[in-house]
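Visitor: Before we look at anything in particular, I would like to learn how to read a few features carefully, one at a time.
Guide: Then let us take them in turn, with the general idea before each case.

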Amino acid sequence: MMATQVLETTALKTGISGLPFNRNSIYRAEMVDTIPGINPIYKLRNTNLKVRNLNVSIKKNQILKNVNLEIPDRKITCIIGPSGCGKSTLLKTFNRLNDDVEDISITGEIRVDGVNIFDKDTEITSIRKKMGLLSQRPCPLPMSIFDNIAYGCKLHGIFKKKALKEIVERQLKGVGLWEEVKDRLHEPAVKLSIGQQQRLCLARGLAVEPEFILADEATSALDPISSKLIEDLFIKLKKDYAIVLVTHTLRQALRIADHVVFMYLGEVIEEGPAEDVFNNPKHELTRKYLEGAFS
Amino acid sequence: MSKYKFLEEKIAKVLMVVATLLVLAFVGNILYTIVHKGLPSLTWEMVSKIPEGGYYNGGGGGVLNAIVGSLYIVAGSTFLGLLISIPVVFYLNVYLTKKSRFAYAARLAFDVLFGIPSIVYGAFAFSIMIYFGMKTSLGGGILVLTLLIIPIFIRSMDEVAKHLPKELLDASYSLGATKLETIGVVIRQIAPGIATATLLSIGRAIGDAAGVMFTAGFTDSIPTSLGQPAATLPLSVFFQLSSPSADVQNRAYASALILTLIVLVISLTGRFITAHFSKNKV
Amino acid sequence: MASFSLNRILKDKVAESSMFLLTTLSVVLVVLIGIGLYVKSIPIIEQKSLLELITSTTWQPSQGEFGFLPFIAGTLWVTGLAILIALPIALLTALFLSEHSKPWVKKFVFPALDILAGLPSVIYGVWGTLLIVPWISEKLAPHFVEYSTGYTTLAGGIVLGVMILPLLVSLFCEIFGAVPRELRDASLSLGATKWQTSKHILLRKTAPGILAAVILAVSRAFGETIAVLMVCGNIPQLPHSLFDSCYPLPALIANNYGEMLSVPMYESALMLAAFLLFIVVFFFNAVSRVVLYRIERKFR
């Protein structure tokens, strides 16, 4: 199924609009899956997210200072740092959820697959579709379990019952919920336990075929068993997605991170592969944080 | 599909803006109409004289009877209302805990009282007055309006008092104060709330017609005792409007303008107080 | 020293008891009003059955005929119209203010709403008489009926609708504001537009609150007296079209309090009208407040 084909892709399929559609431009894409009756789904081979000179201020307080980052594909990147250092703001800026915050000022650029998300021509909803967001508190939509997952699909044009059923089943199986809920798909999602709700939110986010999974302290509201389930899911998913996880427990990062970004007071102090940062931190502050001097 | 989603978004946005503009248009139109019709007939005579004989058929005079009548009634009922409501709000917030069932029931009762239309209060008060042999009078008007504004007072002050930081009360208790003595502290904290509640109630009371209809009666003179009937501005507007004479009708508009101006001033003062005081809140 | 503190504690206790008394009295007031009005209406209920009173359409007090149906119908019509007009406008405005507009818009729309809310009802009546009634009579009615004075059910509905707009908008804004940010974020991050989020997620979540708010507004509209009285025509008939005059319950009471002592049973009939109003308003208010409290608690 994973045939590597060098193909032409249309703006609709890859979700990038505003990109100059040139018949001579070819993007490396691989056919990830097909659902009968629907167009095959392609995914860009190496997706990436590059942050350049990002500065974010809210009401004259600077939250992020000159952030320069590159999020690697197919890896779990953990953003660590003491509370209040801007990690959540950074994450929310990736999918432009910060746009409506009062008195916010954002300068710099974030390029997703080469397209600057702050460009006037960039279409927000297609950027957001690429980024799945998992919040700290599980947030099921006020609908049934089935509809929660189907909601995203319907937003992007999939209405056929058969297709929706297939997608719902596939996603629920993917997060390990299928057995637990297959008999009550049409019950309200709020009836699930918190751990189940969080997994449902993950399934919901995956149903729209994102490229990134952004998780903002996604396990801090859960019990240890559910947390472990989510972490295992991340490990399983990283081979297909770029996962960015904000975490304030160092232990979690130690457990699952491939790539680490350490932030302090709105600045990126250090970033790199996990072994490097954890075993040989270059910066004084990083060393202090790792030793537990402050959190 | 995506083009429909953006079309829908655009249409929705247009509809929403239209709705909001419509609301603004209503406000503007009402104010404009009143000013436009009332201003030409607004003379010094209107506010300084009581109606002379034949006023309602075109004779001379003004609406001083109504202005003063309204003022008396509103002053009386505001005073009584405060007297009754402040202790109740204290009781609910300082003496009772948040979880108290009595407090919940009481608040529910006050919400219901808040929703009772003034005509029902009027009918009720009228029955009481007949029972006690009272005639339509200033006293009757004060009675009704007090009933009307007590729930308003209690609700708005309660809203403010509910948010009293517990630490404030604790600080007072730990100095050995009884609950009664703590009230001094509480008053200072919710003083702006009391002020806005008062203005809110005054605004509501002065504009009421249905309640005072049966109870305060109407008269062309200024009442000199609680037992005499009193005129009120809303009723004055109403009666003048029903006159066949176009002159009198114009004076009705002028009276309406006077009433509107009074209410606007009260409302603005209320906003000013809230804005001014919320800077200094704990 | 000891007597000094006893004195203070005594004062405290006395104060507490008196406040308790005052509070209880205020609560009991609700019951008192209900009972008082009921007692006053007993004479007429004894003479004719309640059912007959509510379903008869003849209103001739001097001949002892007290059919309340026209008034009940009038109240229902006018209130129904008011909701029909005000609900969509209020919903759209509230959505706009809380979700789809820049923050500064709120800063000057809210004061405008406050002004609207604070205007005495007689002012609305004047506006209605000056603007709405002629508009209906000259511009609107000719398309539909032969002749209309303009003092119609429609006029009452429009004026009442504008009166309940501020209440609805502020309640809606409060309800929308109570929905946690994460819910909207969750929808947006799936790629929904703001409007899709409002339509599919926000409205669904707030549906019970919206219903409660509408019930509250209805109960406010039921009791509105003077503004409607001035524009509705005050003819005791069953309105067959929007352009017929009508005679809502509050207007009935207000217009006839003068005569009620002269005709037998009249006073009792009017008190019954007041009692009916009281009961309806009581229930609507109580029910919707309970619903709104529950919703508020869920979000805390």
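Visitor: Are α7(C) and α8(C) roughly parallel or roughly antiparallel to each other?
Guide: First, this is a predicted model, in which local features need pLDDT of at least 70 and side-chain atom pairs count only at pLDDT 80 or more, while totals for chains, interfaces and linings use all residues. Residues are numbered from 1 along each chain as its sequence is written, and chains are lettered from A and ligands numbered from 1 in the order in which they are written. Two packed helices are described by the angle between their axes and the distance between the axes. Axes are lines fitted to C-alpha atoms, for helices over the stretch in contact, and angles run from 0 to 180 degrees between N-to-C directions; helices (H or I, at least four residues) and strands (E, at least two) are DSSP runs, numbered from the N terminus. Here α7 (residues 181–188) of chain C packs with α8(C) at an angle of about 150 degrees, the axes being 10 Å apart, and the two helices are therefore roughly antiparallel (angles under 35 degrees count as roughly parallel, over 145 as roughly antiparallel, 65 to 115 as roughly perpendicular and the rest as oblique).

Visitor: Which residues make the contact of α7(C) with α8(C)?
Guide: Two residues are in contact if their C-beta atoms, placed from the backbone, lie within 7 Å. On this basis α7(C) contributes C:Leu183, C:Arg184, C:Ser187 and C:Leu188, and α8(C) contributes C:Thr197, C:Ile201 and C:Lys205.

Visitor: How many residues of chain C are in contact with chain B?
Guide: There are 64 residues of chain C in contact with 64 residues of chain B, and the largest share of the chain C side, 18 residues, comes from α1(C).

Visitor: In what order do the 6 strands of the open sheet in chain A stand?
Guide: Two strands pair if DSSP finds at least two bridges between them. The order is β9-β10-β11-β6-β12-β13, with mixed pairing; β9 (131–134) and β13 (267–273) of chain A have a single partner strand each, so one side of each is left without a neighbour in the sheet. The pairing of β9(A) with β10 (residues 212–216) of chain A is parallel, over 4 bridges, and A:Leu133 stands opposite A:Leu214 there.

Visitor: Is A:Cys153 buried or exposed?
Guide: A residue is buried if 20 or more other C-beta atoms lie within 10 Å of its own, exposed if 12 or fewer, and partly exposed in between. A:Cys153, in α4 (residues 145–155) of chain A, has 21 and is therefore buried.
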